[in-house]
Amino acid sequence: MTTTQLTEEQKQAVADSVQVHKFGGSSLADAFCYRRVARIVTEYAGASDLVVVSAAGDTTNRILAIINAKPQPGDTASILLDQLENFQQGLITELLSGDLQQQLLQQSQQDFTRWRRWLAGDEDIAHNAELLSYGELWSARLLSALLQKQGTRADHIDARDFLLAADAPEPVIQVEHSREKLLLRVAPHSGTRFIVTGFIARGLNGESLTLGRNGSDYSATLVGSLLDARQVTIWKDVAGVYSADPRKVERVVSLPTLDWTEAEELARLGSPVLHPRTFQPVDRQRMVISVRSSLKVENQQTRIGQFQNTQPRGKVFTSLSEVVLFKVELQDKALVKRLDELELEPLVSWTEPENHQQYLVFHQNHLDYLTGWLDSLGAGDAITQIRGYSMVAIVGNRIQETDQFSTFKLQLSEQKVRRFALTQNGDSAVAILEQKLDNRLLNRLHSQLFNYRRSLGVLVIGRGNIGTAWLELFRQQRDRINQVMDVRVIGIANSRRLWLDYNGVELTQWADDFDRLARPYVLTELLRELPNAPYDELVVIDLTDAKQVAQLYPSLFANGLHIISANKRAGSADEALYREIRTIQHEYEREWLFNTTVGAGLPLNYAINDLRNSGDEIRSISGIFSGTMSWLFENFTKGVAFSSLVQEAK
């Protein structure tokens, strides 16, 4: 079968049904991560979807270390190669069994035999890209085999078998050839999940090529464009694009959507989540890029596409702790002309005619490239490099029309601003500061720019029947609740062990994760740590029947926590303890919600409080407030032994 034998119907079927998913190296860092990715591919990818993978964990860095160590005296390169082999074969041994394990181990041994011949000088491998390509190839093979072991139809594809490119600093893809080769490989095999190597391609002379920085994300959108797919999902360790970098700023939220222009501007300004090359192959009218978290699958995702953003709105506050200024003397017209031809776009540029100088600001990551390029020109004293500057920016549709733009300028008036600029397309306002950034400044700017939902951290104590039911109900209702407030379960505990994660625990398989991740704890010691959790409010949900927990209610309140209680022990405690609980609660202005401790969850407390707050005097209350007693009385008739009903109720 040749490519021309594929019908237009087959090609259209691929375009309409196949999506692309991408997993980076951190998503494949160890055997546990591989199993998690396999589960995501099985549950969230279609039966014919393609999955683009990076090298596992730090494999690429390990390979580079071996390449760099080879010319050095001693056996460092050999030791590093042994460690890499142990890591890769350890993954195979832990994840696979039987024939699949033996098959991959045999292939791995053949690969490392070739590596050792190269290391000994018995085999010539001219291009480092050939060695680097093994990382992605090992990942694709292993994930494909793991899916097969779990009963999923899967196979792997070496991208060099279809992706042809002309060698260049950024390889130029031969689109039509690559599209036809890929379609021929994929179209006849509907129902098979193909695992594709990212980052690598085949050169025009048959050599291996790498696609450069961020090559795997670029590979994913490139493969998607070759298939004319409607969606590419990039799975990362973050739940989409946030309102700011969560490593630097508290109280950030994940954005549901970004327009192409906003996403590209954010990438241009150095976003750690997005890279400009990712967007190069994309058909903006058809494709949507989804950025999701492989760690917390059900969390918010960010969809990037052609959305109608009619309202001016700032969406993302971004920053770079260090940028580099280049001061160019305008008298050197040849140099100015060459700079205009530079493919690398500066973050900001401006001219000061009175000083006969031009300034260009670049990301710190581009410094080595720029220095080498300028050295090749022999620029000399005509260009000066200036360090010690930083950048802050706000990105969003028609940013100048927003209140955030005015707030941004006002807040920056207290800083040492070297240059404030509105970008030409109007999607960002950028400030270059003559100072280093600290997280206190970033947090203050972010809080002034965005008035997002308050956040609530929840610690659940008790993982029995009630705890299990509550966690499942919360998981089902989480999206609706989070429209009003950012609510996250940050911990689950029983009497002996605690699973705590201030970013929020994943509830999809929480029982299994608890068994694996929970650690011994002492509740009194935990109380001293919990107030440091990065939330506006913290609440403990006590779903136990433990006196020990009830006796700690005063300490919980005193440490700033609210309590929701299904534990009857506090409300029915000795009067001295009850009064102490109430006194501390009111002193620290905390909430204690305990409706489920009375009448099997009937809304009695609310009704009683409403009557009292309306001015009514309640003289007496009567009724049957036990679900068990109500059932017994309803079913107790002549000829039925009461003891048998009690046993049935139990």
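Among contacts in the protein chain between residues at least 6 apart in sequence, what percentage join residues at least 24 apart? In this predicted model, the share is 70%. The chain has 650 residues, and 49% of them are buried. Its secondary structure amounts to 22 helices and 25 strands, and its C-alpha atoms occupy a box of roughly 100 × 70 × 60 Å along the principal axes.

Helix α3 (residues 59–69) packs with helix α4 (residues 76–95) at an angle of about 160 degrees, and the two axes lie 8 Å apart. Because angles over 145 degrees count as roughly antiparallel, α3 is described as roughly antiparallel to α4. The crossing of α3 past α4 is left-handed. On the α3 side, the contact involves Thr59, Arg62, Ile63, Ala65, Ile66 and Ala69, while α4 contributes Thr76, Ala77, Leu80, Leu81, Gln83, Leu84, Phe87 and Gln88. By residue class, this contact comprises 9 nonpolar, 4 polar and 1 charged.

Helix α4 can also be considered by itself. The buried residues of α4 are Ala77, Leu81, Leu84, Glu85, Phe87, Gln88, Gln89, Leu91, Ile92 and Leu95. These buried positions pack against α3 and also against α2 (31–44), α5 (98–119) and α6 (128–149).

How values were computed
Residues numbered from 1 in each chain as written. Predicted model: local features only at pLDDT ≥ 70, side-chain atom pairs only at ≥ 80, totals over all residues. Heavy atoms only, no water. Axes fitted to C-alpha atoms, helices over the stretch in contact; angles between N-to-C directions. Helix = DSSP H or I, 4+ residues; strand = E, 2+ residues; numbered from the N terminus. Parallel < 35°, antiparallel > 145°, perpendicular 65-115°, else oblique. Left-handed = near helix turned anticlockwise from the far one by under 90°. Contact = heavy atoms within 4.5 Å. Nonpolar A, V, L, I, M, F, W, Y, C, P; charged D, E, K, R; others polar. Buried < 20%, exposed > 50% of the residue type's maximum accessible area, 1.4 Å probe, protein only.
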